[in-house]
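Let's take a friendly walk through a protein model together. Have the sequence and the 3D view ready as you read.

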Amino acid sequence: MDVYGVMPLPYPDELLYSVITRYHLRMNNSSPKWTFRELFGTDHVIPTLDLPSHLDNLSPRSQIMGITSDQWIDEHTLYSYYAPFLPQSRSRQLKQMMRSNDGSGIHTLVGITASSMERNSELHFCPSCYEEDIQRFGEPYWHRIHQAVGVMVCPEHRIVLHKITHPVSDRHGLTVLPIARHLFQSEPLVLPVPERTHLRLLEVAQDVQLLLSVGHSLHLYDSRDSLLHKLSEQGYLTPSNRIRQRELEMKLSSHYGKEMLEFLNCQTYGNDYSWLAMSTRKARRAVHPIRRLLLIRFLFGSFSSFLEQRNTSHFPFGKGPWPCLNKAADHYREPCITHLKITRCSDTGRPVGTFSCSCGFCYSRRGPDLTSEDRYRIGRIKAFGPVWKNQLTVYVDKGLSYRAAAEKLGVDTNTVIKYARLNPEHESFSNEVILSSASPLTIKKGTSKKKCNAHNARYIRVDWEKRDLELSWEVEEACNMMLSDRDRKPIRITYASIGKRIGKLALIEKHKDKLPITMAILSNRLETVDQFKIRRIGWVAEHMHDEFPIKRWKLIRKTGIRPGYSSAVSEALDFYSGQGLHNLNFADRVATQWLQ
């Protein structure tokens with residue numbers, strides 16, 4: 001009998017392994033080796049469920065049906081499940097290995113061997129699909145979607161899958177799905193679960209089903225930019241593009257539930273090297289597809305929504321260039337700003353964009369921009385620039401009122417008055433106008449000066465010597481508290497950190513020349529970068545008292561010190577990691593530099 005004529009055509013979403021088992025039954029071969037020799041030209045083949053090899057040998061025997069080796073790989077194996085989340089070079093290499101006669105390194109290449117996620121060693125089926133396949137095709141078969149890791153519910157019938165328990169062949173044989181239920185035994189993959197967990201498992205299965213249908217053409221290994229966009233929208237991203245991992249982990253665990261994550265072996269362990277942390281960082285290693293899909297569904301709602309939005313990058317203020325909003329410039333509202341600086345709002349934590357134009361106009365606003373009109377919104381003007389000031393001079397010289405000038409320049413009337421007074425040419429005029437605006441009567445220049453002087457006389461004179469002395473006590477106390485606080489993470493002693501701690505940052509920054517005692521004390525207490533690193537090392541080592549000896553690499557990681565540190569910092573690391581001692585002599589010796 002001609003081998004080419006009897007190889008069965010694959011059914012919709014049928015696993016290649018299933019096609020081989022059906023061929024084995026039709027040929028009535030007593031040994032699987034005979035079947036492998038007829039299909040692959042050799043009996044040195046191990047039938048693999050997910051990622052088989054030797055497919056170039058199978059291709060000539062199936063080309064009579066119009067099926068190439070690439071079609072077998074894309075449509076009847078789990079290549080489309082794993083390949084989208086691999087680097088393109090590795091996905092190409094994977095396909096080449098599946099076509100070749102050496103498939104020994106396939107699972108190592110994909111990362112399955114080293115992963116905590118195990119392969120499915122048992123064959124799964126849906127009882128409802130089983131009955132429908134017999135009615136529709138006259139025989140049941142193994143569906144590809146049911147064999148994917150993480151799929152526990154049939155996406156079509158929404159019921160829990162079963163696994164066949166008897167009869168089951170070994171890894172060198174072929175496990176057939178019998179045509180009658182009394183010929184085999186099976187049991188459900190999971191016991192009855194809460195409705196919420198069942199719904200989540202169904203959603204995962206539906207995402208995997210879509211992935212299998214389009215995965216062979218996707219490249220999702222480095223999709224961080226798409227994730228950042230959603231992470232920012234939902235508040236998990238800082239303005240400096242750092243991810244709030246702890247908050248993200250808590251919300252994701254709450255969304256899926258501990259029970260479901262345990263079913264899928266996708267628990268989040270709360271460390272810097274968990275699968276969740278690796279999925280949101282720059283692509284350096286592959287993460288298992290089911291874990292990537294869990295994160296995608298959590299952020300986007302579904303895998304299909306992700307595919308629609310995956311080309312959207314994270315730009316809290318849109319892509320540049322941005323419009324100049326200087327009403328005095330001839331390029332008003334034209335996209336000509338190329339310089340954007342993004343900082344973090346200390347009150348809300350939202351990103352703040354500062355836009356600087358070549359005309360000198362500089363403005364800022366809180367983001368992110370939610371609509372196209374937000375691009376033309378000003379939160380605060382930081383600098384007006386010479387173009388704006390020159391136009392103000394032109395309006396004043398023409399005799400335009402301050403209110404009219406303010407309307408034309410897009411600012412408040414008081415702002416126009418302020419900058420007009422700064423111009424010596426308009427000083428006398430502006431003094432008269434300011435006072436006349438407070439009274440309906442016309443006031444002469446001499447009278448206005450006299451009233452201004454009377455007003456200034458009511459100001460309370462600041463006793464800077466007393467303020468300096470009081471402030472110096474606050475600074476010294478704040479420094480001592482920061483150095484002695486063993487419970488909270490150390491903060492470097494700087495002008496900014498001390499000023500914010502005592503609530504006098506603006507006073508310290510703007511009046512340094514009037515606070516000699518305070519500045520002298522603060523200068524003696526300021527920490528260099530190395531001093532702060534050493535103090536931080538001591539603090540971390542103190543909190544690692546349960547570990548003996550302290551490992552240097554772990555101390556470096558927990559301290560957050562980057563390579564390139566000085567010899568003094570290296571000595572501190574050696575002291576705590578080499579001896580594994582937890583006394584604080586070294587740290588105390590360093591701390592005395594600030595206490596003296």
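This is a predicted model: local features need pLDDT of at least 70, side-chain atom pairs count only at pLDDT 80 or more; totals for chains, interfaces and linings use all residues.

## The nonpolar cores

Start inside the protein. The largest nonpolar core has 90 residues. Within this core, Leu51, Tyr81, Leu94, Val208, Leu231 and Leu294 touch the most other members. Helix α16, which covers residues 289-300, gives the most to this core, with eight residues.

Pick out Leu94 in your viewer. Leaving aside residues up to four places away in sequence, Leu94 touches Leu51, Tyr79, Leu86, Ile106, Leu109 and Val110. There is also a second, separate core of 24 residues, with Cys324, Cys357, Trp388 and Ala420 among them.

Now find helix α18 (residues 385-397) and helix α19 (residues 402-409). The axes of α18 and α19 come within 10 Å and cross at roughly 145 degrees, and this crossing is right-handed.

Which residues in α18 and α19 meet? On the α18 side they are Trp388, Gln391, Leu392, Tyr395 and Val396, and on the α19 side Tyr402, Ala405, Lys408 and Leu409. The residues of this contact divide into seven nonpolar, one polar and one charged.

## A residue on the outside

Finally, is Glu465 buried or exposed? Glu465 is exposed, because its relative accessible area is 69% and exposed means over 50%. Glu465 is found in helix α23, which covers residues 464-484.

Glu465 and Pro516 are 51 residues apart in sequence, and 9.0 Å apart in space from C-alpha to C-alpha.

Terms used:
Residues are numbered from 1 along each chain as its sequence is written. Side-chain values use heavy atoms; hydrogens and water are left out. A nonpolar core is a set of buried Ala, Val, Leu, Ile, Met, Phe, Trp, Tyr and Cys residues joined through side-chain atoms within 4.5 Å. Buried means under 20% relative accessible area, exposed over 50%, partly exposed in between (1.4 Å probe, protein chains only). Helices (H or I, at least four residues) and strands (E, at least two) are DSSP runs, numbered from the N terminus. Contact means heavy atoms within 4.5 Å. Axes are lines fitted to C-alpha atoms, for helices over the stretch in contact, and angles run from 0 to 180 degrees between N-to-C directions. A crossing is left-handed if the near helix is turned anticlockwise from the far one by less than a right angle, and right-handed if clockwise. Ala, Val, Leu, Ile, Met, Phe, Trp, Tyr, Cys and Pro count as nonpolar, Asp, Glu, Lys and Arg as charged, and the others, Gly among them, as polar.
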